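Please read them with the coordinates open.

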Amino acid sequence: MSGRRLKVVLYNPQAVFFTMPLALLAIGSELDPALYEVVTIDARLDPDAENTVLSHLEGALCLGVTVLTGAPISDALRISRAAKRARPDLTVVWGGWHPSMFSRECLVEPSVDITVRGQGEESFADIVGRLAAGRSLDDCAGCTVRLKDGTIQENPARPLAQVDKFRAHDYNLIPVERYFQLKGKRQLDYISSQGCNFRCAFCSDPFVYGRKWVGLEPVRLALRLKELWDQYQFDDVNFQDETFFTRRDRVQSMADRIVESGMKITWAATMRADQGIRLPDEVWKRCKQSGLRRLLVGVESGSNRVLKRIRKDIKIEQVFEVAEKMVRFGLAGHFPFIVGFPDEDDEDIQASLECATRLRSMSPDFTTPIYYFKPYPGSQLVIDAVERGFRLPDTLEGWAKFDYVAGEPGPWVTPAKFELIERFKFFHELSWKRVSRSKRLLQRLARYRVHSNNFRFPIEMLFSRWLVPTQTLS
């Protein structure tokens, strides 16, 4: 290898949200900067992203693309195909959630050469090193490859590595100030752990991570946050961990060090209800002192029968116990629900709507969004549904149309039930959110509708949806 650094181009597809591209940060930071020049391109920031990618391909070792299920697949395909047209010899690597679950299927696409499954830092660095040295990928763990004869080979899985062994994420790889601008606030996205120990049947995480969890040591975590704060002077940290409160002592130690550091920040994270009820009050208090402002607590269902069916391993009573603690400590809360599970009956759905109402009424800083169960690949519920005849998309183009956030519900929700839920969602939101004085009469009417379960002739909703059409979010 010559003394010149080899270029690695990383691409984040188009989407409607502005979370920092943490997947690209993770794999890009793990490459030795003395050997590799990492170029990150985010289509959400660059209106001419395709030409930007093409301008960097000359001499590039490979193109890495992070791919979420849904609309980002279309953009990932467009860029990958354009790159192959410009450089037929270029190696294109896909990673992220969709390739982790459909590693072979993604390689049916001729413009994709390699897919990375699960944790990508070590696997991608191994791939890049082998490409640079001209070595075979036959025994490269954690990836699936198309061989020279066209056959697809799925290499052995790579064990989940402790994240403390990786290099610190280098935020100089992305234009941090642009994300602050697009978010409208100086909010840093950060991930301090990977995986999840739990077995929720609606989630693909057990399939991808095997119910394992690894997290940064708290002193290193706090020191890195302080370094980034000194550099970027952010006001808020949005932890993107799937289960941030997995280790109580880790959270307490981090909170202690944030307080001691003198950083003036707030932060938000995820918490399971069972984790919250086991958390001592002194840890709640210390988290609040360190800047904790909001928790995301997945409820999923107001029915204990459904919670057992989907293997959530919590009780609805625990959710309300945690919510009461959050009120006491002055914390905002995001409590998402999912309706439309297979085998869910009308009583189960009504229980969810009633729980959402009760939670929302506890604090003006609580939100209770309601989503429809979508057959997200890799989850046990979907495996069961497929065995009973449900058909998943069988092409990348089909998966690109899959919207797991918005859009029509699955086949387990009747049109009448869909209409009821949509009307409830509209009036429920209007009932509790902070509104101007001119809308208070409308809000009182919405509360009447919710409490009386009367959603006939929803003129207010139809007019509002006409003014502001629902956005596709996937």
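**Notes on sheet, helices and cores**

1. Helix H1 (residues 22–30) lies across S1, S2 and S3 and runs at about 165° to S1. Helices (H or I, at least four residues) and strands (E, at least two) are DSSP runs numbered from the N terminus. Axes are lines fitted to C-alpha atoms, for helices over the stretch in contact, and angles run from 0 to 180 degrees between N-to-C directions. Contact means heavy atoms within 4.5 Å.

2. A word on the basis. This is a predicted model, in which local features need pLDDT of at least 70 and side-chain atom pairs count only at pLDDT 80 or more, while totals for chains, interfaces and linings use all residues. Residues are numbered from 1 along each chain as its sequence is written, and side-chain values use heavy atoms, with hydrogens and water left out.

3. The open sheet has seven strands, ordered S2-S1-S3-S4-S5-S6-S7, with mixed pairing. Strands pair if DSSP finds at least two bridges between them. Strand S2 (36–42) and strand S7 (152–154) are the edges, each pairing on one side only. On average, neighbouring strands of this sheet are turned by 20° against each other, direction ignored.

4. Within that topic, take S1 and S3. Strand S1 (residues 6–12) pairs with strand S3 (residues 60–66) in the parallel sense, over five bridges. Val9 has Leu63 in S3 as its bridge partner.

5. Strand S8 (residues 187–190) runs parallel to strand S11 (residues 236–239), joined by four bridges. Asp189 stands opposite Asn238 in S11. From S8, Gln187 and Asp189 point one way, Leu188 and Tyr190 the other, and all are buried (under 20% relative accessible area, 1.4 Å probe, protein chains only).

6. Helix H9 (residues 218–232) packs on helix H10 (residues 248–261) at about 35°, with axes 8 Å apart. Among the residues that meet are Leu221 and Leu225 in H9, and Met254 and Ile258 in H10. The residues of this contact divide into seven nonpolar, two polar and three charged.

7. Which residues have the most contacts inside the largest nonpolar core? They are Tyr171, Tyr190, Phe239, Phe245 and Trp267, in a core of 107 residues. Such a core is a set of buried Ala, Val, Leu, Ile, Met, Phe, Trp, Tyr and Cys residues joined through side-chain atoms within 4.5 Å. Helix H14 (residues 316–328) gives the largest share, six residues.

8. A second, separate core has 32 residues, including Tyr11, Val65, Met101 and Phe102.

Notes. Ala, Val, Leu, Ile, Met, Phe, Trp, Tyr, Cys and Pro count as nonpolar, Asp, Glu, Lys and Arg as charged, and the others, Gly among them, as polar. Buried means under 20% relative accessible area, exposed over 50%, partly exposed in between (1.4 Å probe, protein chains only).
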